[in-house]
Amino acid sequence: MAAPSVFQMILCVLALTCALLVVLQRNPVISAISLLGTLFTTGLLYFTLEAYFVGAVQILVYAGAISVLFVFIVMLLDLKPTRVRVPGRAPTIVLGVTAGASFFVLCALSVLPVLKTFGLLDTMSGGLGEAAEGPLAISVLLLSKYMLPFQVTALLLLASIMGVVVLGKRTLPPRVSSFEKRKD
Amino acid sequence: MTQTVWSTLLVVVVAIIGMTAIPVMLVVERRGSAWMQRRSGPNRVGFWGLLQPISDAIKLVFKEANLPARAHRFLFILAPALAVIPPFVALAVIPLGGSISINGTEFKMQAIDLSVGLLFFLAITSLHVYSVLAAGWSSNNKFALMGGLRSASQMISYEIVIGIAMVSVVMTYGTLDLREIVRLQEAGAGLPAWGFVLQPLAFLLLWVCSFAETNRLPFDLPEGESELVAGYHTEYAGLTFALFMLGEYVAMLAASAFMATLFLGGYNVPFVSGAQLLSFLNGLGLDLNVSLLPAFVGTTLTVHLGSLVAVAIQLIALLTKTMFFMWVFVWVRWTLPRFRYDQLMDLGWKALLPLGILNIVITMLVTFFLAKGF
Amino acid sequence: MSELTLIVGLGLCLFSIGIVGFVTRRSGLIALMSLELMLNGVNICLVAFARHHNSPEPSALVMLIVLVAAAEAALALALFVALFRQSGSVDLDDYRMLKG
């Protein structure tokens, strides 16, 4: 593959910055907006990789619908900025950072030599044409070879819609909340 | 003249089109609404009130652009930017004309030439929701927050209906490329192949939902002047408010251009196909290459005059259709009353969404039986 | 460094940042956002491989992942809203009904 262009490197840096902001920010609204930033720059990165359909779908669905849901719910619930230095939280933070860092190191150390062996890191010229990337090619695959996952995902969406509608009803049968039952 | 230079030039052209639409729309809105309400609108500034946008702009610049006491500063300033930028980007993907032949090679009149232009347009207009949410929440004002949340849920609901209407449009044309859709609409004698003949229900759905997407009356509740102070832009004054209005007008322009492209034949002149227009102009004696740079400059830049005039005529055709839709936007705003919020959501989910699905089913059946040679 | 290395490296970084966020943060919504980051990292790697092998199959998988992410995000958010109405907080540490 060709060397990365300056635009791609800028987009990578932006995506990483926004991802770090999602995780490190105390204010949930800024985290949600940073998630939007990550998803949008990722979509732009798809465009630079000549995957136009996937990029458009990413911006339409991920950055334009899912992220809107996140921002909407955070604003609806009016979450306040959280405190990071909560006592008793230090072991969890250490565990999390260790897990993330060790996963990164493990993958980098194990995947990169494999890629090198198969010659995937050489600067080959790979291009994406309409035939390989366009909506026609993807939908032919989805409707022939991956028909079962496609239908199962459709069922999953239907179940999700029904679940959301049920959970959204305020008129749940009145019962004492279990939080009040426990007296400890 | 390389493709990069040409694309940059077209991006500038699109930006200019967007920016000039705003003063035009300001005059049209104020004078047009005045005419509909049997009064005379602003007619003091300039001849027939045509310089009114300039005085509006000067007033807005000199007003204090405030920042509320405990508002979230970053989001408060980001929201107008999020309102202005997506409509311009969406406008850039509309095909403005055929192709101009410069230096012998054909350059297409489309700032962003994507094979999935329709999807890209929907994607960018879906980013408009964030300006409303950010403005509503960061103002630290209950009315603004309520207006913002309401507007966001309204825009998301009607965006879904637009998506469903677009499914049947894509089924009819078989492509997501806006240029190809315009080219397919010049078949036959021109007018009978226009989109609104092939997909009338999708046209109606897109038209109605464009009102909801741009927060125009009758879907005006989030910025309803009499209900919610000014909705999500209550706390904005001066230049930041001007940016919101700018974004709204350019969003209207983008939506109108989109409808004109999909359903009214785009840049096609009615009853005349692009090739016929070009041959007609060539027959008029315009089949010559004009050099744009004087001889002593090193590079040559020749433009085929026939194609240039053809593209100009097509651009005028597109702008005429777009201005028709913009006029209807203004017309409906001063004619219909506002929907109540629950009526609005009922309309979106219980009336328009089933209609969209019905349209998909009908299109599916018709396309299938036509393909089978029924 | 080739394009593939950069994009796969970015995907790997996003996934790791997602892991860190998911384990570390108290707020359930931030954990959800980290989950989306993880899925996004995987998507990026897949698109890079699609470009490299000039094949539509990873793109089909990306579409399915985006669909599943949409369904799961909607449902999880509805769950959090219902939980918030019941208990007044979205902190994962406060949901301890099943504990002990």
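Student: At what angle do helix H11 and helix H12 of chain B pack?

Tutor: In this predicted model, helix H11 (residues 274–286) and helix H12 (residues 305–333) of chain B pack at an angle of about 130°, and their axes are 9 Å apart. Axes are lines fitted to C-alpha atoms, for helices over the stretch in contact, with angles from 0 to 180 degrees between N-to-C directions. Helices (H or I, at least four residues) and strands (E, at least two) are DSSP runs, numbered from the N terminus.

Student: Is H11(B) oblique or parallel to H12(B)?

Tutor: That angle makes H11(B) oblique to H12(B). Angles under 35 degrees count as roughly parallel, over 145 as roughly antiparallel, 65 to 115 as roughly perpendicular, and the rest as oblique.

Student: Turning to strands, how do S1 and S2 of chain B pair?

Tutor: Strand S1 (residues 99–102) and strand S2 (residues 105–108) of chain B pair in the antiparallel sense over four bridges; strands pair if DSSP finds at least two bridges between them. Ser99(B) has Lys108(B) as its bridge partner in S2(B). The two strands form a hairpin with two residues between them, and Asn103(B) in the turn has a positive phi of about 55°.

Student: Which chains share the most contacts?

Tutor: Of the two pairs of chains in contact, chains A and C do. In that pair, 63 residues of chain C are in contact with 75 residues of chain A. H3(C) gives the largest share of the chain C side, 24 residues. That side has 43 nonpolar, 14 polar and six charged residues.

Student: How many residues does the contact between chains B and A take?

Tutor: It takes 18 residues from chain B and 20 residues from chain A. The chain B side has 16 nonpolar, two polar and no charged residues. No contact joins chain B and chain C, and their closest C-alpha atoms lie 14 Å apart.

Student: Is Phe15(C) buried or exposed?

Tutor: Phe15(C), in helix H1 of chain C, counts as buried because it has 24 C-beta neighbours inside 10 Å. A residue is buried if 20 or more other C-beta atoms lie within 10 Å of its own, exposed if 12 or fewer, and partly exposed in between, with C-beta atoms placed from the backbone.

Student: What does Phe15(C) touch?

Tutor: Not counting residues up to four places away in sequence, Phe15(C) touches Met38(C), Gly41(C) and Val42(C). The C-alpha atoms of Phe15(C) and Met38(C) are separated by 4.3 Å, with the residues 23 apart along the chain.

Student: What conventions apply to the numbering and to the predicted model?

Tutor: Residues are numbered from 1 along each chain as its sequence is written, while chains are lettered from A and ligands numbered from 1 in the order in which they are written. As the model is predicted, local features need pLDDT of at least 70 and side-chain atom pairs count only at pLDDT 80 or more, whereas totals for chains, interfaces and linings use all residues.

Technical notes:
Contact = placed C-beta atoms within 7 Å. Nonpolar A, V, L, I, M, F, W, Y, C, P; charged D, E, K, R; others polar.
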